[in-house]
Amino acid sequence: MTERIISVEHLSKRYGKQLALNEVSFVVEKGQVLGVVGPNGSGKTTLFSILLGLRKPNSGSFSIFGQTNPEDVRAKVGVILDQGNFYAGISAKKNLTISAMTKNVPLAKVDELLEKVGLGEVGSKPFKSFSYGMKKRLEIADALLSDPELVIMDEPTNGLDPEGVIFIRELIMELKRQGKTIVLSSHYLEEIQKVCTHFLILKKGELVFHGSQEAVLGKFDSLESALTNKL
Ligand code: ADP
């Protein structure tokens with residue numbers, strides 16, 4: 001029996017005259033790793049921000065874990081956007097502790113997650129002294145504090161060095177093994193092909209393809225040619 005984690009129906013969004021999403025519909029089932037790909041301006045960020053409740057669609061509907069208000073499922077969703085909302089002057093560990101208290105998560109999780117993201121040694125250093133990659137790792141630790149069933153990541157490898165990219169890949173593999181559901185966007189097609197079970201291709205706000213990794217590769221030579229194909 002498959003379990004629906006996200007269900008999107010005929011979602012449309014305009015900014016003034018600019019159509020950013022046009023009647024987009026798809027379903028994400030438990031355990032899938034869905035890669036959302038498309039050129040700049042294709043609507044990826046708009047789609048994510050609607051799913052996270054940050055923007056309202058003009059029409060259409062969606063549900064996450066069967067709920068139509070993203071606020072109601074916050075505890076089950078880990079979000080990795082950019083560099084979190086942390087206090088600059090206090091340590092990574094203190095920042096994560098505050099977050100754990102807000103989320104009602106046992107404080108033992110803080111050290112466990114700092115270790116997991118490779119920040120165990122630098123947990124006592126202030127957030128402001130962190131490099132971009134370290135900030136991203138802290139953002140990941142924060143997103144995973146509540147052991148979310150669904151993890152949403154917008155461009156998780158952007159700006160990371162090769163070690164950081166490998167770290168993200170291994171993290172996604174581990175979450176996948178644990179049966180978590182993941183939705184991510186990325187510009188790095190080669191990278192995303194290594195981890196995703198499914199793909200959703202957007203072009204100018206239109207959903208031009210949604211299907212499994214096998215379905216994409218059965219239809220096109222590669223994800224890249226699927227993206228450049230004039231569908
Ligand atoms: P992507 O994340 O794939 O680059 P976006 O969702 O950011 O795509 O953008 C989709 C379209 O909507 C683009 O044409 C973009 O210019 C437009 N757009 C995005 N955000 C805004 C905004 N706040 N105001 C006006 N137009 C926007």
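Predicted model: local features only at pLDDT ≥ 70, side-chain atom pairs only at ≥ 80, totals over all residues.

Reader: Which residues of helix H2 are buried?

Author: In H2, residues 92-102, the buried ones are Ala 92, Lys 93, Asn 95, Leu 96, Ser 99 and Ala 100. Their arc around the axis is only 160 degrees, which puts them on the same side of H2.

Reader: And what covers them?

Author: The cover includes helix H3 (108-116) and helix H4 (132-144). On the face of H2 turned away from the buried side, Met 101 and Thr 102 are exposed.

Reader: Turning to the sheet, what is the strand order?

Author: The order is S5-S6-S7-S3-S8-S9, in an open sheet of six strands with mixed pairing. Strand S5 (77-80) and strand S9 (206-212) are at the edges with a single partner strand each, so one side of each has no neighbour in the sheet.

Reader: In what sense do S5 and S6 pair?

Author: They pair in the parallel sense, over four bridges. Val 79 is opposite Ile 152 in S6. H4 packs on the sheet and touches both S5 and S6, its direction making about 170 degrees with that of S5.

Reader: Now the ligand. Which element gives the most to the shell around it?

Author: H1 does, with three residues. The residues around the ligand include Gly 43, Lys 44, Thr 45 and Thr 46.

Reader: How does the shell divide by class, and how many residues are charged?

Author: The shell has two nonpolar, eight polar and one charged residues.

Technical notes
Residues numbered from 1 in each chain as written. Buried ≥ 20, exposed ≤ 12 C-beta atoms within 10 Å, placed from the backbone. Helix = DSSP H or I, 4+ residues; strand = E, 2+ residues; numbered from the N terminus. Arc of directions from axis to C-beta. Contact = placed C-beta atoms within 7 Å. Near = placed C-beta within 6 Å. Nonpolar A, V, L, I, M, F, W, Y, C, P; charged D, E, K, R; others polar. Pairing = 2+ DSSP bridges. Axes fitted to C-alpha atoms, helices over the stretch in contact; angles between N-to-C directions.
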